Amino acid sequence: MLVLLTVVPLTARNRLPDRLATHWGASGGPDDSMPFWAATIFPALIWLLVAAVATVTMWRAGRRTTAVAAAPGWAGVTLGATGVTLLGAQASIVRANLDRTDWRDAGPVTGWLVATLVSATVVAVAAQLIGRRARVAVPPPSGPVMEIPKGQRYVWLSRTSNRWLHLLAAVTGILALAATAGTMAGLGGGVQGVAGAAPFAVATVVLLACASVQARVTEKGLEVAFGPLGWPARRWAADSIASAWAENRTAMQAGGWGYRLNGLGTTVMLRGGECLVIRTVKGKDFAVSVDDAERGAALLNSLTGQRST
């Protein structure tokens, strides 16, 4: 990919102006340019940076048995989509500037860019599907076990919150109230005012639901409740959990903050660090970032062992 990004403009060097149009305005005409050497090197540098990040992430994942199978799929999606986007953009720029004496005379690129984005999306989806099929079922690490005296019942409870998500929810909530108050005061049209407040209200509810989480382990199994009201909630019966363990994860490995879905399974990521991870008897993984995760995993494994005996 690095070779293609540099070879495409170099092969047409004699048919290109000294400066290439590299940006097009809303009217469809070029409004910014770069020297030929910069327009050639810049996409290659972006590719090198993305490839370096993907390599470091895969290397770090390789040190963790539960992440090593998921990292190649993530890397394939990232590198594939980025590579197609950069190559398509580079080809579009070269084509638009071809046989022009001045970059201001460059042709339009809208059609080519749309085709590039569609192609990048197709490649990303294909890489994701291939990654899922090629994913090797890595056995979970041997989780901790706690001894439960006969006739006693143990309960484990842990809660985590993300202050930045709470702050963002407060901001969207204020905006929703302001838009609603403005509508009630007659500052905006009825339908338009409601339409303006609705996205902020929905964002507030979603952010609040993702900003805090509570995990509880009882003899029934695991319950993970979201938001200040503990709703919605997900539950797993003890006999549906094959194994549980504690694992350190970062937001990059999980794919971001909040409720994330990727090659590692489902991760509720509110802060980097210790997570409680379970694998169901169906082979699906779920992780939640909570403190004292090792003790919760130990209790779950003990309960699972009791149910299986």
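Helix α5 (residues 163-184) contributes the most to a nonpolar surface patch, giving five residues. The model is predicted: local features need pLDDT of at least 70, side-chain atom pairs count only at pLDDT 80 or more, and totals for chains, interfaces and linings use all residues. Residues are numbered from 1 along each chain as its sequence is written, and side-chain values use heavy atoms, leaving out hydrogens and water. Helices (H or I, at least four residues) and strands (E, at least two) are DSSP runs numbered from the N terminus.

**Nonpolar patch**

- Trp164, Leu167, Leu168, Val171, Leu175 and Phe200 make the patch of about 570 Å².
- Patch residues have over 30% relative accessible area and no salt bridge, with like charges joined within 9 Å and nonpolar side chains (Val, Leu, Ile, Met, Phe, Trp, Tyr) within 5 Å.
- A salt bridge is a side-chain nitrogen of Lys or Arg within 4 Å of a carboxyl oxygen of Asp or Glu.
- Leucine 175 is found in helix α5 and counts as partly exposed because its relative accessibility is 38%.
- Buried means under 20% relative accessible area, exposed over 50%, and partly exposed in between (1.4 Å probe, protein chains only).

**Four-stranded sheet**

- Four strands form an open sheet in the order β3-β4-β5-β6, with antiparallel pairing.
- Its edge strands, β3 (156-161) and β6 (233-237), each pair on one side only.
- Two strands pair if DSSP finds at least two bridges between them.
- Strand β4 (residues 212-218) and strand β5 (residues 221-226) run antiparallel and are joined by six bridges.
- Glutamine 214 has alanine 225 in β5 as its bridge partner.

**Loop with a cis peptide bond**

- Proline 232 is found in the loop between β5 and β6.
- The peptide bond joining tryptophan 231 and proline 232 is cis, with omega about 5 degrees.

**Aspartates with positive phi**

- Aspartate 99, in the loop between α3 (71-97) and α4 (110-134), has a positive phi near 60 degrees.
- Aspartate 99 is exposed, since its relative accessible area is 51%.
- Aspartate 292 also has a positive phi, of about 60 degrees, although it is not a glycine.
- Aspartate 292 lies in the loop between β11 (285-288) and α8 (293-308) and is partly exposed, at 33% relative accessibility.

**Glycine 256**

- Glycine 256 is found in the loop between α7 (251-254) and β8 (258-262), and is buried, with a relative accessible area of 17%.
- Leaving aside neighbours within four places in sequence, glycine 256 is in contact with Ala251 and Met269, where contact means heavy atoms within 4.5 Å.

Definitions and conventions
Accessible areas come from the Shrake-Rupley method with a 1.4 Å probe; for residues, only the protein chains shown count as cover.
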